[in-house]
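Dear colleague,

I am handing over the structure below, together with some notes on its aromatic rings. Please look through it before reading on.

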Amino acid sequence: MEPKPPSYKRPEKPRIIWEGSQFVHHSLALVNRELCLQLIDKGCEVSIIPYEADQYGSDADTRFGALASRIRAPMSGPPDIHVRHQWPPNFTPPPKGRWVMIQPWEFGRLPEAWVEPMSTLVDELWVPSRHVLKTYVSSGIPADRVQVVPNGVNTRVFHPGAPPLPLRTNKSFKFLFVGGTIWRKGIDLLIQAYFSTFSAADNVALVIKDMGQDSFYRQQGAGDSIRDIQNSGKGPEILYLTEMLREHQMPGLFAACDCLVHPYRGEGFGLPILEAMACGLPVVATAGGASDDFCPPDLCYGISARRREIDVEGTRVVGGAGWVLEPNLEELKRLLRHVYENRDETASRARRAVDLVSAHYTWENAARQALRRMEIIAARPIRREQKTHGIVSG
């Protein structure tokens with residue numbers, strides 16, 4: 001008679017170590033802050049290990065004191081779950097606890113060096129969209145190891161009716177781009193389509209809010225090219241914003257504009273798209289990618305795109321090449337004109353999109369899904385320990 005397997009009792013509230021940036025100006029830190037705050041609110045015992053130096057203090061928001069009090073906080077016992085969310089990824093296993101990695105990726109196939117540790121050491125991989133989940137599975141990660149835990153929006157901050165941020169333009173219609181001005185996010189396509197569709201005589205401006213130039217996208221952005229275009233005095237108006245805007249200021253930027261345009265080639269999620277939708281802004285975005293999860297065709301304007309293989313600089317990927325989506329430039333031009341000329345239609349879509357975000361894409365909902373996964377994982381053996389003892393092979 002075979003011996004019974006050991007019993008693993010499912011804890012009601014897992015003890016959690018969360019490793020990753022907090023008080024830093026980038027989207028990974030935003031995700032960490034919001035999920036940790038929600039887990040703390042739900043009564044979880046959370047100890048936070050920051051990944052990099054803070055760029056601002058916990059006094060930036062009254063909610064952040066709860067996070068500051070959990071920085072390297074002692075725990076009542078060994079952690080059940082160790083979550084790691086940072087860039088670049090760190091594949092050194094944590095000393096204790098089931099290991100969860102949150103790791104988006106934008107280039108169609110994973111780096112080869114990721115596949116073995118992700119398949120054999122990590123207990124569960126969380127990705128923000130079904131698009132990224134498909135990337136993981138097609139790259140050889142076991143399907144049962146990958147779960148979608150989406151990002152969210154703080155709807156108490158991002159909502160319709162925020163006071164508009166003053167912008168230095170007299171144009172009545174303003175397109176908006178928010179994100180790093182890098183090739184992957186399609187800023188070159190947007191500028192080309194905008195200049196092909198409108199002229200200086202049109203009552204329209206393109207507002208570009210550049211982000212990440214002091215972190216992930218340092219020396220990668222198109223800032224110099226954008227300034228050259230501005231200084232030329234030719235074509236339709238462009239406003240180029242580089243100053244840091246805090247989270248509570250961003251809704252004012254959305255409120256000051258009339259349509260968000262994000263013709264991305266590669267995204268793991270597309271958080272500015274969701275934030276714009278929460279603020280009641282119509283959206284034009286690439287179809288077929290990560291934002292499909294929350295951009296249904298009856299609410300958003302999708303740009304058709306084809307798959308395009310690329311070399312991922314400095315990275316050997318599974319299958320020899322990565323890939324992105326190449327948005328159809330002619331369709332982007334058509335959609336810009338359509339949105340500009342059909343404001344009643346776009347406003348109707350935007351109002352319904354607010355309801356979608358409020359119902360399904362809040363941080364509370366995201367944390368609920370994360371906690372559900374943690375409770376399931378906590379009832380299982382720790383994978384890397386089983387591998388060490390020869391019980392599992394992959």
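**Aromatic rings and charges**

The charged end of Arg343 sits over the ring of Tyr340, at 5.0 Å from its centre, where sitting over a ring requires NZ of Lys or CZ of Arg to be within 6 Å of the ring centre and within 35 degrees of the ring normal. This is a predicted model, in which local features need pLDDT of at least 70 and side-chain atom pairs count only at pLDDT 80 or more, while totals for chains, interfaces and linings use all residues. Residues are numbered from 1 along each chain as its sequence is written, and side-chain values use heavy atoms, with hydrogens and water left out.

Tyr340 also belongs to a cluster that ring pairs form with Phe173, Phe175, Tyr194, Phe195 and Phe198; rings of Phe, Tyr and Trp (its six-membered ring) pair if their centres lie within 6.5 Å, and planes under 30 degrees apart count as stacked, over 60 as edge-to-face and the rest as tilted.

The structure holds 16 aromatic pairs. In one of them, the ring centres of Phe23 and Tyr56 are 6.0 Å apart and the planes stand at 55 degrees, so this pair is tilted. Both Phe23 and Tyr56 are buried, which is to say under 20% relative accessible area, with exposed meaning over 50% and partly exposed in between (1.4 Å probe, protein chains only). The charged end of Arg246 sits over the ring of Tyr56, 5.0 Å from its centre.

With kind regards
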